[in-house]
Amino acid sequence: MSSFHERVAADKRAAILAAATALFGTQGYARTSLAQVAAAAHVSRSTLFKRFPTKDALFDAIVTDVWTPQAPPAELDPADPEAGLRALGTLYAELLSRPGMTALLRLVISEAPTSPELGRRQFDLGKMPFFEEVRGYLEATSRAGTLAVDDPTMAATQMLGMISNFVLWPRMFLPDWDPEAGEVARAVEEAALTMSARYARC
């Protein structure tokens with residue numbers, strides 16, 4: 001496929017996902033049809049159905065896109081846990097700050113009573129892969145002897161919770177919440193330092 005056609009295909013895909021996100025948010029997941037998404041994205045139904053044959057496939061693509069980092073972190077050295085946790089925390093803060101993240105989570109919460117499976121798929125496809133990255137790194141620091149992490153699942157929950165409590169959750173309720181880059185960096189730094197102190201080897 002030529003670069004021109006690749007660009008056109010990418011633009012159509014982006015338009016479809018944007019239209020679907022907007023419609024799911026305003027009309028609800030159950031009340032939105034693929035035909036409505038095609039019309040809002042200004043693409044033919046055949047184009048949409050070829051890419052996303054079901055509404056579930058479309059939702060999964062939205063989740064995957066929102067949770068996929070622009071670039072993965074560099075190789076993380078378990079011998080330097082502060083640097084590694086800082087890198088993971090920075091990446092997490094960037095993901096949580098995406099406009100699409102707040103819209104996705106609001107959609108999942110609003111649809112939970114009638115479509116609880118959306119929450120499970122958002123968790124499995126979106127949150128869990130990143131969570132496992134952090135948990136795996138904490139396990140690596142413990143094997144390397146730089147941190148003493150007996151329960152990496154709990155430790156990963158603590159690390160990500162400190163960041164999301166500053167970066168994400170206020171934004172869910174306060175439309176004007178928009179911390180400056182320096183404030184976000186400080187929240188990440190404090191989380192990394194707190195983890196390093198809590199799990200330091202005596």
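1. On a 1 Å grid over the protein atoms alone, a pocket is an open set of points with protein on both sides within 12 Å along at least five of seven lines, while a cavity is a set of points where a 1.4 Å probe fits but cannot get out; lining residues have an atom within 4 Å of a point. Grid points are joined across faces, edges and corners, and a volume is the space filled by probe spheres set on the points.

2. This is a predicted model, in which local features need pLDDT of at least 70 and side-chain atom pairs count only at pLDDT 80 or more, while totals for chains, interfaces and linings use all residues. Residues are numbered from 1 along each chain as its sequence is written, and side-chain values use heavy atoms, with hydrogens and water left out.

3. The largest pocket holds about 250 Å³ of space. Its lining comprises 17 residues, of which Tyr92, Leu105, Lys127, Leu168 and Trp169 are the closest to the centre. Two or more lining residues come from each of helix 5 (81–96), helix 6, helix 7 (116–144) and helix 8 (152–167); helices are DSSP runs (H or I, at least four residues), numbered from the N terminus. Helix 8 gives the most, with five residues.

4. By class, the lining of the largest pocket has twelve nonpolar, four polar and one charged residues. Here Ala, Val, Leu, Ile, Met, Phe, Trp, Tyr, Cys and Pro count as nonpolar, Asp, Glu, Lys and Arg as charged, and the others, Gly among them, as polar.

5. The second largest pocket has about 190 Å³ of space. Leu17, Ala18, Thr21, Ile62, Asp65, Val66, Arg98, Gly100, Met101 and Leu104 line it, with helix 1, helix 4 and helix 6 each giving two or more residues. Six of the lining residues are nonpolar, two polar and two charged.

6. There is one cavity of 30 Å³ or more, and the largest cavity contains about 40 Å³. Its lining consists of Thr21, Phe24, Phe59, Ile62, Ala103, Leu104 and Leu107. The lining has six nonpolar residues, one polar and no charged.

7. Arg121 lies in helix 7. Its relative accessible area is 17%, so Arg121 is buried (under 20%; exposed is over 50%, partly exposed in between; 1.4 Å probe, protein chains only). Leaving aside residues up to four places away in sequence, Arg121 touches Tyr29, Asp56, Phe59, Asp60, Val63 and Gly126, where contact means heavy atoms within 4.5 Å.
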